[in-house]
Structures are given as C-alpha cells and as structure tokens.
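Subject: Handing over a structure

Dear colleague,

I am passing this structure on to you, and my notes on it follow below. Please read them with the model open beside you.

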Amino acid sequence: MRTVRTRLKGESFLIRWADDFIIGCEQEEDALRVMEVLPKRFSRFKLTIHPTKTTLVRFKRPSSKEGDTRNGTFDFLGFTHFWGRTRKEYWVIKRKTAKKRLSRAMKSLWNWCREHRHDNIYEQYKALCLKLKGHYQYYGIRSNFKMLEVVFEYTEKAWRRWLGRRSRESYISWEVFEKLRRTFPLPKPRICHAI
C-alpha cells in the first residue's frame, strides 16, 4: 500500500483480515486506477481476484439533501456496512448481519434442531444456549440488535417445531411451549461490543 499511496491524489487506507480486504480511496479516479492495477499486481504472485466479490462501491457520508440515495453498501467479515442516522440525527456507519450469514445461521439452527430432536431436552437446551451465545459474541455489535432478535425468535420457532415432531403424538402447543420456555429460557439477544 505504501508504493500505491505515493501515486494517488487523495487519501487512502487498507483494512485486511486474512484474505479479505477493503481499500478506501478519497478520490473516485484513484479508486478506478487501483481497480485497474490490482489484478496485474496480484498476477505477479500467481493470485487472482474473485470477480464477483470485487466491486467498486461509492461509500461516503450522505449529503443533507432529501433523496440522496446514491451510496452503496458492502459486506465485510459477515456484516453489511451502510450509512444510517443516530438518535441525534448524525450520519454514522452502521453494521448489520449480512443476509447470507443470517440465512446460513438460521438454516444451521433449523437442521440442528431437526437432527437432535430425540435428544434429552436439557441437553438440547444447553447446546442451543451455547450456539446463541456464540452468535451474540460475534454479531452482538451496536446497530445489529434487530438481527440478533431475528435469530433468537427463529431458534425458538425451530426448537418448538422439532420437539413437536418427536412422534405422532408429540405436537406442542404454544401454551405447552410457554411452560417449557419458562423452565429452559434461551439467552436473550444482547450487544456484546460497543464498537
């Protein structure tokens, strides 16, 4: 990045985690130039850039004009980054769970409940608590609470559904499941990181 910076007109930065990275450029012409040169630089090391994951996104603080929706969003490390307003009406970058990651987590929970429906209820409860706590630990950041609630509610729905499929006579009504929920309360969504 040091050698690239000297050739750019505006400010720039690089954020990297393992094989994922973001390059931010202040000037659009700098971003276009980097996008042009990057594949050539990678090919020197016999590497390629993923064609569908590599995109150029306009991502700057929206103007005060109504209807200024030209900004894009981008996914990085399982989060969708977007501009939003705070309670005091300041523009800030917000993050929420990316759609692919959300659907993958929900599908995984559904399949787990189905495969383990005949296990002891207490064992199921302990495992689901661990899964939810792990999810909250990673995705529990400010501005993402709604997505945590979606996963929590979906987990309860999947658990009830597959407990009710243990046998032909084991249908569980919401009243019966309410008693079960009081005995085995799943951990509620919570924000773990205030970044």
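At what angle do helix α5 and helix α6 pack, and how far apart are their axes? Before the reply, please note that this is a predicted model, in which local features need pLDDT of at least 70 and side-chain atom pairs count only at pLDDT 80 or more, while totals for chains, interfaces and linings use all residues. Residues are numbered from 1 along each chain as its sequence is written, and side-chain values use heavy atoms, with hydrogens and water left out.

The helix pair

Helix α5 (residues 145-163) packs against helix α6 (residues 174-183) at an angle of about 115°, and their axes are 11 Å apart. Here axes are lines fitted to C-alpha atoms, for helices over the stretch in contact, with angles running from 0 to 180 degrees between N-to-C directions; helices (H or I, at least four residues) and strands (E, at least two) are DSSP runs, numbered from the N terminus. The residues that meet are E156, W159, R160 and L163 from α5 and W174, F177, L180 and R181 from α6, where contact means heavy atoms within 4.5 Å. Sorted by class, this contact of α5 with α6 has five nonpolar, three charged and no polar residues, with Ala, Val, Leu, Ile, Met, Phe, Trp, Tyr, Cys and Pro counted as nonpolar, Asp, Glu, Lys and Arg as charged, and the others, Gly among them, as polar.

The strands

Strands β3, β4 and β5 form an open sheet in the order β3-β4-β5, with antiparallel pairing; two strands pair if DSSP finds at least two bridges between them. The edge strands, β3 (74-76) and β5 (91-97), each pair on one side only, and the twist from one strand to the next averages 45°. Strand β4 (residues 79-85) is joined to β5 by seven bridges, in which T80 has K96 as its bridge partner and G84 has V92. Five residues lie between the strands in the hairpin of β4 and β5, where E89 takes a positive phi near 70°.

Another antiparallel pair is made by strand β1 (residues 12-17) and strand β2 (residues 20-25), over six bridges, with S12 standing opposite C25 in β2. The hairpin of β1 and β2 has two residues between the strands, and A18 takes a positive phi near 55° there.

I22, in strand β2, counts as buried at 18% relative accessibility, where buried means under 20% relative accessible area, exposed over 50%, and partly exposed in between (1.4 Å probe, protein chains only). Leaving aside neighbours within four places in sequence, I22 is in contact with F13, L14, I15, F74 and F76; the C-alpha atoms of I22 and F74, 52 residues apart along the chain, are separated by 9.7 Å.

The cysteines and one lysine

A search of the whole structure finds zero disulfides, a disulfide being a pair of cysteine sulfur atoms within 2.5 Å. For C129, the closest cysteine sulfur is that of C113, which at 12 Å is too far for a bond. C192 is in no disulfide either, and the nearest cysteine sulfur, in C129, is 14 Å away. C129 is buried, with a relative accessible area of 10%, whereas C192 counts as partly exposed at 22% relative accessibility.

Lastly, K100 lies in helix α3 (residues 99-115) and is exposed, with a relative accessible area of 74%. The C-alpha atoms of K100 and D75, which are 25 residues apart along the chain, are separated by 9.8 Å.

With kind regards
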